[in-house]
Structures are given as C-alpha cells and as structure tokens.
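Here's a quick briefing to read alongside the model.

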Amino acid sequence: MAYRMLSFLLKLISYIPFKVLYLISDSLFYPLYYVARYRRNVTRKNLSECFPDKTDRELNDIEKGFYRFFVDNILETCKMAHMSAKEMSRRMKFININIVNEVLRSGRSISLFLGHYGNWEWISSMPLHLEKSAVAAQIYHRLDNKDVDRLMLDMRGRMGAVSVEMSNTARYITGLVAAHKVCIVGFIADQSPRRKDSHHYLEFLNHMVPVLTGTEKITKHYGFEAYFAHTRRVKRGFYEVEFVKMTDNPKLLPDFDLTSIYYRLLQNMIEENPELYLWTHKRFRYARPLDGQPEEKRTVCKN
C-alpha cells in the first residue's frame, strides 16, 4: 500500500510540465533554505573548508545556488517516472558517446567513474545511445526504505539500465565476463567510507579523505577501460556529459593512481561549478588534517 501511494504521488509530479515544475521548485527553495534550514550547517562547513580562499559572500552565493539546484534535482528525478525517451534524450546529451561505442564494439568493457554531481540520476538514460549488444549497469547502494528503494529502481531502469546492488558487484561482473558480454558499468565512486573500511587517503578539496578503492580494483582485475563522466549543466533542465579517458592502460598504473586520477577530475569538475555538487553529504567526516597525514599513506590527486 505504501509503495502504491508513493508511486501514485510520483506519477502525479512526473506529469507536471517542466515550466510549472520549476515554479514549484522556486517556491520550495525558501522554506527549505530559510525555515527548515535543511543541513545548512553541514553544507556551510563543507563549503568553507573546501574553499578557504573564498569570501563569505562568495560562499553564501554558492550555498544558495546549491539549494536552488538541490530542489531542481529532486523534482527532475521525479520526472523520470514518466518522461519519454525522446524528451530525456533532448535534455541529457552524451556529446562524445561515439568514443564509448567504439570501445564497446571492439569487445572491451568500460568502468565509468561518476560523482554526486549534476543530475547523476538522468545519466541512467545512457543506454538509449549505446551499442545495443552492450550491457549498461549501474552500481547502487540499497536505501533503507524498501518502498523508496523500489521506486528508485523502477525509474533507473526505465531507459534500459540494469541496477546492481553494491554488495553484488563482483559476482554480477564476473557473470558478465564469463558469458563474454561487453558492458559499461557506472560507479558513483565518491562515497564516504567508514574509517574501518578504508586504508587509503588522498587529497581532495583541501582535505585528506579516506577513499573507496573498489572501483579501481575491479577495473584492473577485469581489464576494463576507465572513463570519467564530466557533466555540465547547460541550462536549467538540460545537461551534457563528456566521456574523458582516464588512462591508456589502467593495469599498468601503480596502486591507487587510478583513484587519484578520478578524484582530480572530480575536483576540477566541482571547481567549474560548485553549486552542482552534493554538499549536504558528510563527505569529510573522517578527513584528516592535510599536514597530519602520514607520508606513506598520502596521495596527491594526479592529472
């Protein structure tokens, strides 16, 4: 019953035209930002620590811009419940998808490194433009609320993407490789690990942060190509993704270098437009002071 009610509400929102949806978004910004003050302390702490050279006015502008985008992003995600493939293709462009398709046609698979930036949910529409013989999968973390989790899976799968629960990643990819199926697997790799789950730190946005290295290990183990999804917001409700090749041969890189490259690319993208990153997330809760990090565990992100 809860799932049906949530699904019905989601469908109602998804039928609202974008022009009206953004009017609603504008009206929701004020109670979210000024009344509920949703995670504003976390957001401001993250921004001030990540951009110590910016003035209070600059930080305030980024903060407000983020919350306006945050509401847009939520409502845009709801639109996935009903949006047609044609409309999605008009609003989410993959500007050099031919590069990815050439790799897939050659029989090589791809690890796609993503971040919580821009409308990452709409990137699940990529199968609309991919080589049809390739499997497009996305790794996700199961939500605590089973009904919301089911709704998100429904929406993410509408354009052909396969959602794979994080704990089942290795088993799923092993199955694809054993079946000789070419695939592109999306990893949102900027998750904040628990302290006990990470033994490697690197420098990211003026912090020394613990990082998950599973994506790098999977990429190297299976001999996948490594690409980064550089996302831009062209204008409200319109995005484009450019695929950036991270290295010619991931297997030849020393341990942690691929992860380092990813975080440098992610940082460069965030610095282009910081409003589009998910600042309400406690990404830096286990960060160490830059000067206090043991040398043997410290890595500087590499271009």
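R90 comes out as partly exposed because its relative accessibility is 42%, where partly exposed sits between buried (under 20% relative accessible area) and exposed (over 50%), using a 1.4 Å probe and protein chains only. Keep in mind that this is a predicted model, where local features need pLDDT of at least 70 and side-chain atom pairs count only at pLDDT 80 or more, while totals for chains, interfaces and linings use all residues. Residues are numbered from 1 along each chain as its sequence is written, and side-chain values use heavy atoms, with hydrogens and water left out.

- The side chain of R90 pairs with E87 in a salt bridge, at 3.2 Å from N to O; the term asks for a side-chain nitrogen of Lys or Arg within 4 Å of a carboxyl oxygen of Asp or Glu.
- Both E87 and R90 belong to helix 5 (residues 85–91), sitting 3 residues apart, or about one turn of the helix; helices here are DSSP runs of H or I with at least four residues, strands are runs of E with at least two, and numbering starts from the N terminus.
- E87 has a second salt bridge partner in R91, with an N to O distance of 2.6 Å.
- R91 and E87 are 4 residues apart in helix 5, so about one helical turn separates them.

**Salt bridges elsewhere**

- E242 and R232 form a salt bridge, with their closest N and O atoms 3.2 Å apart.
- That pair links distant parts of the chain, 10 residues apart: E242 is in strand 9 (residues 238–245) and R232 in strand 8 (residues 225–235).
- Both ends count as partly exposed, E242 with a relative accessible area of 27% and R232 with 28%.
- By the same rule, the count is 17 salt bridges.

- Seven strands make an open sheet: its 7 strands run in the order 1-9-8-2-5-3-4, with mixed pairing; two strands pair if DSSP finds at least two bridges between them.
- Strand 1 (92–94) and strand 4 (162–165) are the edges, and each has a single partner strand, so one side of each lacks a neighbour in the sheet.
- From one strand to the next, the twist averages 30°, with axes fitted as lines to C-alpha atoms and angles running from 0 to 180 degrees between N-to-C directions.
- Strand 2 (residues 110–114) and strand 5 (residues 183–188) run parallel and are joined by 5 bridges.
- L112 has G186 in strand 5 as its bridge partner.

**The second largest pocket**

- This pocket holds about 160 Å³ of space. On a 1 Å grid over the protein atoms alone, a pocket is an open set of points where a 1.4 Å probe fits, with protein on both sides within 12 Å along at least five of seven lines, and lining residues have an atom within 4 Å of a point.
- Helix 10 gives the largest share of the lining, 3 residues.
- Strand 6 (201–204) and helix 10 (257–272) each supply at least two lining residues.
- Residues in the lining include F51, K54, F204, R264 and E271.

Terms used. Points joined across faces, edges and corners; volume = space filled by probe spheres on them.
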